[in-house]
Amino acid sequence: MDANRLVIDLQKNTHSDACKNFILEHKPFILSTISARLNRYIRSENEEVFSIGLSAFLESIEKFDPDKGQFYSFAKLVIDRRVINYIRGNEKHIHEDIDTIQIKDNSVSLEEQFLLKEELKSFEKKLEFFGITVDELVESSPLHYDTRERAITIGEKTSHEKDLVDHLYRSKRLPVTKMCQRFMITRKVIYGSKNFIISVIVVFHEKLDLIKRWF
Amino acid sequence: MTEGEVSVVKNGIIVKVYDDYSVVLAEKQYYRIKNKDGMDQGQPILFTEIDLYEKVTQRRGYKRYIALAASMILMISTGLFMNSDDVSSYVVIDINPSIQLMLDSDEIVVDYEALNEDADNLDLQALEGMGVDEAVEFITLSASQAGYLDLEDLEDDYILITTVSDDDEKDVEELIAQLKESSDIMKGVNVAINTASEEEMNQAKDEKVVLGLYVASENRDKDDITSVKAYFSDESLAEAFEEYGTILEEDYGHIIDRINNNLENLVMDEDLKQEIKDVFIASKEEFFEAKEAVTEAKEAYKAALASGDEAAIADAKLKLDEAEAYKESLEAYKDSVEEVKDLLLDQLDDKTGDLEDLLEQIEADKEEREAEREADKEEREADKEEREAEREADKEEREAERDADEEEREVDKEEREAERDADEEEREVDKEEREAEREADKEERDADKEEREAEREADKEEREAEKQQRGQEKEDNDDEEESSDDE
């Protein structure tokens with residue numbers, strides 16, 4: 001359906017579920033628009049600027065006039081304006097009280113991020129020990145969701161088997177045959193994502209709990 | 001995709017920041033994303049598909065061969081052949097370039113003809129006077145120097161040789177086969193050999209198609225037979241060709257080396273590269289080892305057959321079987337190597353292929369094969385032991401039989417001796433009996449005699465007595481007479 005007509009339809013009731021869903025569906029759009037303006041990535045949806053973006057998007061739905069052109073261009077413009085305003089406001093704010101802003105922005109994650117950074121450094125070092133670079137993990141990641149889940153399960157299971165872990169740390173290679181026998185899996189499952197599985201084993205075995213949350 | 005419709009938001013953390021991009025871990029997967037301001041390791045991050053970083057892989061163009069048909073020029077008609085009186089057979093060599101050789105009865109090149117433009121570009125004057133094998137090697141070398149084939153790149157090279165001869169002599173084919181084994185250049189290519197009649201040769205010339213393929217593709221679309229390389233790259237066509245001719249394959253060692261050398265040109269992790277190389281070298285060594293083993297085992301088997309020793313023959317046969325099984329198991333290796341090659345080609349073509357995956361597969365296959373071989377060997381060993389045990393058992397049985405026979409014979413002998421003894425005793429007894437009988441007879445006779453004598457005595461005495469009686473009576477009578485007389 002044409003976006004313009006859809007938006008006009010939504011304007012009738014911006015509190016409807018349809019409108020809410022429309023906004024949620026466009027999170028990536030909102031996010032990338034904000035991110036492009038800021039030239040940095042948004043850390044999380046809790047970041048203030050993201051809610052600025054969301055309300056700007058809602059505003060653009062409410063104020064959209066098809067005579068003015070395409071909705072997406074219009075929405076982008078609105079979000080951009082609001083984000084710029086926000087940055088300016090923040091800058092003013094920073095000049096006035098830099099500490100409160102810092103704490104406000106990162107109060108929850110600053111310490112955690114520090115710890116995570118430490119974990120990531122040791123993660124990187126361990127991978128290096130196995131001759132794997134972080135960069136290589138990208139190619140080793142199973143593309144398909146199911147395959148990925150399976151690879152993670154295999155990695156986690158392996159990390160609980162002492163002899164397998166010993167074998168890995170000693171020879172720097174996965175004990176593929178043993179793993180296949182023990183977990184009743186085919187070699188194929190392991191081969192495609194060998195490095196990925198090793199990375200999972202490392203995370204579990206080294207108790208890198210903050211990273212583990214992401215698996 | 002219209003503006004605004006960007007997939008989904010991914011929520012993750014920055015694992016590592018590189019110069020041009022960062023690796024993030026999001027939704028259980030690693031991604032590369034474009035760098036923006038303030039990228040920091042461990043930082044939480046929201047990103048979308050448009051933020052993904054496409055790592056540029058270095059693209060290496062490799063030589064593409066121009067289709068033969070396009071470049072073919074009109075042929076000179078067969079009527080213009082020189083020295084046709086001396087020509088006893090023809091050999092057409094198609095690599096693209098295509099060249100026709102005229103051979104005399106000693107398979108010496110007496111004349112040649114460039115069949116296409118590419119062949120025209122080669123300096124072929126030296127061909128005259130060469131033996132056919134030498135000529136084939138010379139043409140191959142010239143073609144490779146001129147860039148028509150690259151013996152070192154990843155693509156398989158084919159040289160098609162079509163012999164045209166009135167008689168069925170296989171001299172040329174044999175010479176080529178020998179050349180294939182001995183020449184370093186020829187080891188590096190696949191040589192396809194086919195035969196054709198002179199009529200077919202002329203037809204192919206008129207139709208401007210590759211002779212050897214023309215003959216092998218009687219019912220096929222002519223479009224199939226444009227280029228030698230394209231033709232043999234098609235497995236089904238190559239297979240079809242083998243119904244008509246033979247393909248002498250590229251030397252395995254050369255394939256390995258070729259692929260190995262090309263690994264250098266690939267954008268790939270060094271360790272993986274090294275790993276593939278190691279596997280390849282190992283496979284190459286194994287392959288030659290296996291080949292050697294089969295040859296040796298064959299010799300040993302022949303020797304054993306000649307010796308006629310049953311156990312030795314069985315043993316040698318066993319070893320030969322083993323060696324052959326080993327070699328066969330390595331044929332799978334060849335397939336794997338082919339696969340690596342294909343993958344490399346794909347990768348050069350910018351298609352994705354998981355080399356590492358395949359490498360692991362090769363290694364796994366190898367392990368499997370080794371395990372199988374081990375198992376086979378054990379089985380064979382067990383068989384061997386069983387057979388030996390059987391042989392041993394047979395031997396023991398035979399010995400036991402022999403022993404038993406001997407014992408029987410011994411027993412027989414004893415029996416016979418006993419019988420003889422018994423006979424003798426019997427005879428002795430008989431004799432004694434007879435003697436006793438004789439004795440008895442004699443005694444009887446004696447007794448009779450005595451009796452008779454006694455009778456005779458008795459008779460005599462009787463007669464004496466009678467006589468005396470008669471004398472008495474006479475005396476009495478006399479007395480009476482006397483008395484009477486007296487009276």
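In this structure, 39 residues of chain B are in contact with 39 residues of chain A, two residues being in contact if their C-beta atoms, placed from the backbone, lie within 7 Å. This is a predicted model, in which local features need pLDDT of at least 70, side-chain atom pairs count only at pLDDT 80 or more, and totals for chains, interfaces and linings use all residues. Residues are numbered from 1 along each chain as its sequence is written, while chains are lettered from A and ligands numbered from 1 in the order in which they are written.

**The side of chain B that touches chain A**

- At least two residues each are supplied to this side by β1 (10–17), β2 (21–26), β3 (29–34), β4 (44–47) and α13 (355–486) of chain B, where helices (H or I, at least four residues) and strands (E, at least two) are DSSP runs numbered from the N terminus.
- The largest share of this side, 6 residues, comes from α13(B).
- By residue class, the side of chain B that touches chain A divides into 16 nonpolar, 10 polar and 13 charged residues; Ala, Val, Leu, Ile, Met, Phe, Trp, Tyr, Cys and Pro count as nonpolar, Asp, Glu, Lys and Arg as charged, and the others, Gly among them, as polar.

- Strand β5 (residues 89–94) of chain B is mostly covered, with 6 of its 6 residues buried, a residue being buried if 20 or more other C-beta atoms lie within 10 Å of its own, exposed if 12 or fewer, and partly exposed in between, with C-beta atoms placed from the backbone.
- From β5(B), S89(B), V91(B) and I93(B) point one way, whereas Y90(B), V92(B) and D94(B) point the other way, and all are buried.
- β5(B) pairs with strand β6 (residues 98–103) of chain B in the antiparallel sense over 6 bridges, pairing being assigned if DSSP finds at least two bridges between two strands.
- Within β6(B), M102(B) is the bridge partner of Y90(B).
- The hairpin formed by β5(B) and β6(B) has 3 residues between the strands, and N96(B) in the turn has a positive phi of about 55°.
- β5(B) is also joined by 6 bridges to strand β8 (residues 158–165) of chain B, and these two strands run antiparallel; in β8(B), T163(B) is the bridge partner of V91(B).

**Confidence**

- The mean pLDDT of chain B is 75, and 81% of its residues reach 70 or more, pLDDT being the predictor's confidence in each residue, from 0 to 100.
- Where pLDDT is low, the predicted coordinates should not be read in detail.
- The model scores ipTM 0.78 and pTM 0.39.
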